[in-house]
Amino acid sequence: LARRTQAPKGSSARREGLPHPHAHCLVSLSMSGSRRGARGLSPGRVTFVDAAGVERAPVQDARGDDARFAATAHKDLLALTDVLGALGARRAHVPYRNSKLTYTLQPSLG
């Protein structure tokens with residue numbers, strides 16, 4: 001997988017089935033553990049997110065695929081901001097379903 005993601009990215013790479021140059025990467029680790037003297041196991045989850053290319057995706061200068069990616073990336077980040085705000089304010093409704101990113105991260109966020 002690491003070698004495949006290091007390949008040149010562009011339209012020819014996408015035709016070969018390689019990841020899009022702006023594809024997000026999520027790695028989720030589920031684990032369980034116990035403390036000495038404690039009974040049972042406590043579950044835990046850590047999710048690492050690489051929102052590839054978000055920092056270099058200015059919406060106003062983008063065209064074609066880059067414009068669509070920029071719009072989606074900003075929408076995902078805005079949805080994540082909404083979810084974190086709702087969790088922080090302890091609102092009854094948390095808008096996890098507003099993007100695929102927040103829906104995927106729901107078990108890790110709370």
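**Entry 1: arginine 90**

I looked up arginine 90 and found it in the loop between H3 and H4. Helices here are DSSP runs of H or I with at least four residues, strands are runs of E with at least two, and both are numbered from the N terminus. The model is predicted, so local features need pLDDT of at least 70 and side-chain atom pairs count only at pLDDT 80 or more, while totals for chains, interfaces and linings use all residues. Residues are numbered from 1 along each chain as its sequence is written, and side-chain values use heavy atoms, with hydrogens and water left out.

Is arginine 90 buried or exposed? I noted it as exposed because its relative accessible area is 76%. The cut-offs are under 20% for buried, over 50% for exposed, and partly exposed in between, with a 1.4 Å probe and protein chains only. Arginine 90 also has a positive phi of about 55°, although it is not a glycine.

**Entry 2: the chain as a whole**

I counted the elements next: the chain has four helices and two strands. Read from the N terminus, their order is α-α-β-β-α-α. Of the 110 residues in the chain, 22% are buried. I also looked up contacts, meaning heavy atoms within 4.5 Å. Among those in the chain with a separation of 6 or more, 30% are between residues 24 or more positions apart. The chain exposes about 8400 Å², and carbon and sulfur atoms supply 53% of that. Such areas come from the Shrake-Rupley method with a 1.4 Å probe; for residues, only the protein chains shown count as cover.

**Entry 3: serine 99**

I went back to the loop between helix H3 (65-88) and helix H4 (100-109), where serine 99 is placed. Serine 99 counts as buried because its relative accessibility is 4%. With neighbours within four places in sequence left aside, serine 99 is in contact with Lys75, Asp76 and Ala79.

What does a side-chain oxygen of serine 99 reach at the start of H4? I found the backbone nitrogen of leucine 101, within 3.3 Å. This is listed as a polar contact, a pair of N or O atoms within 3.5 Å; within protein, one must be able to donate a hydrogen and the other to accept it, and residues adjacent in sequence count only if both atoms are side-chain atoms.

**Entry 4: helix H4**

Which residues of H4 are buried? I listed Leu101, Thr102 and Leu105. Seen down the axis of H4, these buried residues fall within an arc of 75°, so they line one face of the helix. The arc is taken from the directions from the helix axis to the C-beta atoms. On the face of H4 turned away from the buried side, I found the exposed residues Lys100 and Pro107. Just after H4, glycine 110 takes a positive phi of about 130°.

I then took threonine 102 by itself. Threonine 102 is buried because its relative accessible area is 0%. Its side chain reaches the backbone oxygen of tyrosine 96 at 2.6 Å. Not counting residues up to four places away in sequence, threonine 102 touches Ala79, Leu80, Val83, Pro95 and Tyr96.

**Entry 5: strand E1**

Serine 28 lies in strand E1. I put it down as partly exposed because its relative accessibility is 42%. Serine 28 touches Arg45, Val46 and Thr47, residues up to four places away in sequence not being counted. The side chains of serine 28 and threonine 47 are joined by a polar contact of 3.3 Å. Serine 28 and valine 46 are 18 residues apart along the chain, and their C-alpha atoms are separated by 5.7 Å.

Glycine 33 is also in strand E1. With 30% relative accessibility, glycine 33 counts as partly exposed. Apart from neighbours within four places in sequence, glycine 33 is in contact with Gly40, Leu41 and Ser42. From glycine 33 to proline 43 it is ten residues in sequence and 6.7 Å in space, C-alpha to C-alpha.

**Entry 6: the nonpolar patch**

Which residues make the nonpolar surface patch? I noted Val27, Leu29, Met31, Val46 and Phe48, with an area of about 420 Å². Patches are made of residues with over 30% relative accessible area and no salt bridge; like charges are joined within 9 Å, and nonpolar side chains (Val, Leu, Ile, Met, Phe, Trp, Tyr) within 5 Å. A salt bridge is a side-chain nitrogen of Lys or Arg within 4 Å of a carboxyl oxygen of Asp or Glu.

Strand E1 (25-33) and strand E2 (42-50) each supply at least two residues of the patch. E1 gives the most, with three. Valine 27 is placed in strand E1 and counts as partly exposed because its relative accessibility is 39%.
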